[in-house]
Amino acid sequence: METEEEEAKTVSEPVGAEGWAEFGVIGLGVMGANIALNIEEKGTKVAVFNRSYDRTIEFLKSAPSKRFAGAETLSAFVASLASPRAILMMVPAGSAVDETIEGLLPYLRTGDLLIDGGNEFFENTERRAVKLAQQGILYLGMGVSGGETGARHGPSLMPGGKAEAYARAEPVLRKIAAQVDDGPCVTHIGPGGAGHYVKMIHNGIEYGDMQLIAEIYDVLRRVGGLSNDRLAEVFAEWNEGELESYLIEITAKILRRRDDETQGALVDMILDQAKMKGTGSWTVRDAAQRMVPAPTIASAVDARLMSAHRELRLLGASKLAGPIPSLVDSASNSGNAGGAGGAGGANRSPSGACIDDVDALIADARAALYAAKACSYAQGLMLIQAASRDLNWAIDIGEVARIWKGGCIIRAAFLGRIQAAYARKPTLESLLFDADFSQELAARQEGWRRFITLGIASGIPLSASCASLAYYDGVRSARLPANLTQAQRDYFGAHTYARCDRDGVFHTEWSEAS
Ligand code: 6PG
């Protein structure tokens, strides 16, 4: 006799009776399949659909549960869902979302809910929400962070759209989201494209965090001469303190990982060309359009672009002068990688600076990373505040920090401190102005500057670290040299300027005066 499990394995369309499923998932790629498993595991009957039916069958075979139904056609898929329907699309951003919506529309009714869980550009989400509202369809644009594991066991969810749409999805979303000390990592971010906007900024911050970590690794490795094993220890130790975060944790693990083929460190065998799918550059473009400085995020994108130009770099390495960082020898640091350049048991940096205390360098690196990270988050959060103001989204920044504490790629203990800062003052002009953060940065000042100075003198490209420090120095500069920039603009283009001593718009006939 056929068991219920076997029955589920051999479904054709649809296995569930009409109106049987409580939730639908379209797109059974890595994220879609894992989120469908997560939803089903929380006790929900799920209908699944994939463009290629073979993949649906494969999925159902790998997940033989009574609470799954697969359908071959969109009409059968929609028919298997209870009304009003709730459907989560986990398909690539862009035209695939439009096509999926077009395919679904003939079968949807007023009151049905569509959720886009991809990394979509928020303006596309706004456009679709408006169009679908005209047909009585509720729409949520939802950022989903946490990769494969997050989707399966608890992502951070950033849904945006009408409150009514969120209320419909909320019971399921709360169950599947990562859980932290003060609740599930999901909240109604705001209307329209607010959810996808916040996910875009999450990714911009993710780029910044990753680049800052990479730069710290580079200095400790090439100037401090730390071996991969020693670096792994350093990152693991940092993960026990104020830098505790998913990205620091995996960095320690990555540095320890051996290559099966060469038995050396796997990280040393990986080509130094970083790829990207686009959310980082969207953040940079949005920041420029919104007139909000986000230099750390922009530098992180630039650093990926520079890495991609490997041929240029290989040519440059043979043509351009400058300090050449090289591994150094040290009797005082037994965990170091070794190499040329050591003198008298102390590390000598390529700039000639004597690093006789590697522990002090590591302490400076830790201070630099924390301070630069705070500046990067300040930029991302200021962008969210600006967009929220521009588009009337009323986003609660403290809540955003809260739902980023678990599940997502940038999850970190640090986010609890950001949450507390915005609880103290929800309208905080900059994260850096919170008393706790300003004191923390003041305390790290010396080490932070010393670390960057050493890295620059050694010829290490520190784009994101320098950008964070310049951001900090910019924010604390009551007067910047933009007076000269304005004068130049007025000189060559009569673009006018404002004066310090009185209101008004001014222009000078510069060529006559000179
Ligand atoms: C997440 C990630 C994810 C992103 C990847 C790759 O929150 O789970 O941000 O959404 O797609 O990290 O992004 P890039 O290819 O742009 O590096």
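1. Let's start with Thr496, which sits in the loop between helix H20 (482-493) and helix H21 (510-513). Helices here are DSSP runs of H or I with at least four residues, and strands are runs of E with at least two, both numbered from the N terminus. Phi of Thr496 is near 70 degrees, a positive value in a residue other than glycine. Thr496 has a relative accessible area of 28% and is therefore partly exposed; buried means under 20%, exposed over 50%, and partly exposed in between, using a 1.4 Å probe and protein chains only.

2. A word on the basis: this is a predicted model, in which local features need pLDDT of at least 70, side-chain atom pairs count only at pLDDT 80 or more, and totals for chains, interfaces and linings use all residues. Residues are numbered from 1 along each chain as its sequence is written, and side-chain values use heavy atoms, with hydrogens and water left out.

3. For orientation, the protein chain is divided into domain 1 (10-192), domain 2 (200-319 + 350-474) and domain 3 (482-513). These bounds come from an automatic or database domain assignment. Between domain 1 and domain 3, the C-alpha centres lie 55 Å apart.

4. Two more backbone spots are worth a look. Most residues other than glycine have a negative phi, and most peptide bonds are trans. Asn392, in the loop between H15 and helix H16 (397-403), has a positive phi near 60 degrees and counts as exposed at 65% relative accessibility. The peptide bond from Ser83 to Pro84 is cis, with omega near -10 degrees; Pro84 belongs to the loop between helix H4 (74-79) and strand S4 (86-89).

5. How do helix H12 and helix H15 pack? Helix H12 (residues 279-290) meets helix H15 (residues 358-391) at an angle of about 60 degrees, with their axes 11 Å apart. Axes are lines fitted to C-alpha atoms, for helices over the stretch in contact, and angles run from 0 to 180 degrees between N-to-C directions. The two helices are therefore oblique to each other: under 35 degrees counts as roughly parallel, over 145 as roughly antiparallel, 65 to 115 as roughly perpendicular, and the rest as oblique. On the H12 side, Thr283, Asp286, Ala287 and Arg290 are in contact (heavy atoms within 4.5 Å) with H15 residues including Leu383 and Asp390.

6. H12 also packs on helix H13 (residues 295-308), where the axes come within 9 Å and cross at roughly 135 degrees. That makes this pair oblique. Gly280, Ser281, Thr283 and Val284 of H12 touch Ile297, Ala298 and Val301 of H13.

7. Helix H17 (residues 414-424) and helix H18 (residues 435-457) pack at about 130 degrees, with axes 9 Å apart, so H17 is oblique to H18. Phe414, Arg417, Ile418, Ala421 and Arg424 of H17 meet Asp436, Phe437 and Glu440 of H18.

8. Which residues does Lys373 touch? Not counting residues up to four places away in sequence, they are Asp209, Leu212, Leu243, Ala412 and Phe414. Lys373 is in helix H15 and counts as buried at 6% relative accessibility.

9. Finally, Ala265 lies in the loop between helix H11 (246-256) and H12, and is buried with a relative accessible area of 10%. Leaving out residues up to four places away in sequence, Ala265 touches Asn228, Arg257, Arg258 and Asp259.
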